[in-house]
Amino acid sequence: MEETFARYINVNGQLMDLSQPRVMGILNITPDSFYADSRKQTEKDIIARIHQILDEGGDFIDIGAYSSRPDASDVSPKEEMERLKYGLEILRNECPEAVVSVDTFRADVAKMCVEEYGVALINDIAAGQMDPEMFSTIAQLKVPYIMMHMQGTPQNMQKNPHYDNPVKEIILYFAEKIEKLRASGVKDLIIDPGFGFGKTLAHNYEILDKLEELQMFQLPILIGVSRKSMVYKLLGGGPEDALNGTTALHAIALMKGARILRVHDVKAATETVRIFQALKER
């Protein structure tokens, strides 16, 4: 399928070209994210992770303070904000030039992060479903908005996910959201099919198999499969054993139109992107 997508997004007043895929490194400042090695809570560990992401070629740092793994405990807005203030202060002091995305579904948290810390993007796992103020807030903030598909909430999404046709339902979901966001004046949109968020193993692989169908929106597609259960439940082991499987899924996703890889292992992802680009240019 021929690629069709918005080639540029406006990041802090500069146009970022997405004709070459980009890598987003994950910085979890939570005590309970599903992949233990991703949890960074001390200043020393946060600084080390920031430099690791940038040194290994990451284009974005995606910082999150609310674990969205299945059955994760809820975190109050106050606690989420305090965690993010701590992490963003370190980020700003250590690498003020870094392009930072904040992973939050709360409009007031997004507003604080953009206005007080100059965050460049908002990454919302709920696409406005968990906070009705999110869309109007994004329109006001004028930052790129990553919206993900999720069935349910992190607390119940894996109880009994059901679809008659997962790809069709995700397309309809995004069509409705995009129409509302465009009507609000939001210009820079990125879509994420939400692997592992209210999906069974079979759902995840059906969505990956038909990922190119999401190109109908002509928007950049972000993929988050890094070390997730869709890898290790198929191959065995746990998140710590899932790097090779993750790399294979990244390669497939790139061939099917993904333009941003959200990852734990930045070096492996940037190498996959380089190989993909080299093959594409032959």
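**Exercise 1. State where histidine 203 lies, whether histidine 203 counts as buried or exposed, and which residues histidine 203 touches.**

Step 1. Histidine 203 lies in helix α6 (residues 201-209); helices are DSSP runs of H or I with at least four residues, strands are runs of E with at least two, and both are numbered from the N terminus. The model is a predicted one, in which local features need pLDDT of at least 70, side-chain atom pairs count only at pLDDT 80 or more, and totals for chains, interfaces and linings use all residues. Residues are numbered from 1 along each chain as its sequence is written, and side-chain values use heavy atoms, with hydrogens and water left out.

Step 2. Histidine 203 counts as buried because its relative accessibility is 11%; buried means under 20% relative accessible area, exposed over 50%, and partly exposed in between (1.4 Å probe, protein chains only).

Step 3. Leaving aside residues up to four places away in sequence, histidine 203 touches Pro161, His162, Tyr163 and Pro166; contact means heavy atoms within 4.5 Å.

**Exercise 2. Give the strand order of the open sheet and its edge strands.**

Step 1. The open sheet has eight strands in the order β8-β7-β6-β5-β4-β3-β10-β9, and the pairing is parallel. Two strands pair if DSSP finds at least two bridges between them.

Step 2. At the edges are β8 (189-192) and β9 (222-223), each of which pairs on one side only.

Step 3. β9 is joined to strand β10 (residues 260-263) by two bridges, and isoleucine 223 stands opposite leucine 261 in β10.

**Exercise 3. Describe the pairing and burial of strand β4 (residues 60-64).**

Step 1. Strand β3 (residues 22-28) pairs with β4 in the parallel sense over five bridges, and asparagine 28 has glycine 64 of β4 as its bridge partner.

Step 2. β4 also pairs in the parallel sense with strand β5 (residues 100-103), over four bridges. Here the bridge partner of glycine 64 is aspartate 103 in β5.

Step 3. Five of the five residues of β4 are buried: Phe60, Asp62 and Gly64 on one side, Ile61 and Ile63 on the other.

**Exercise 4. Characterise the crossing of helix α1 (residues 43-55) and helix α2 (residues 77-94).**

Step 1. The axes of α1 and α2 come within 10 Å and cross at roughly 55°. Axes are lines fitted to C-alpha atoms, for helices over the stretch in contact, with angles from 0 to 180 degrees between N-to-C directions.

Step 2. The contact is made by Glu43, Ile46, Ile47, Ile50 and His51 of α1 and Tyr86, Ile90, Leu91 and Glu94 of α2.
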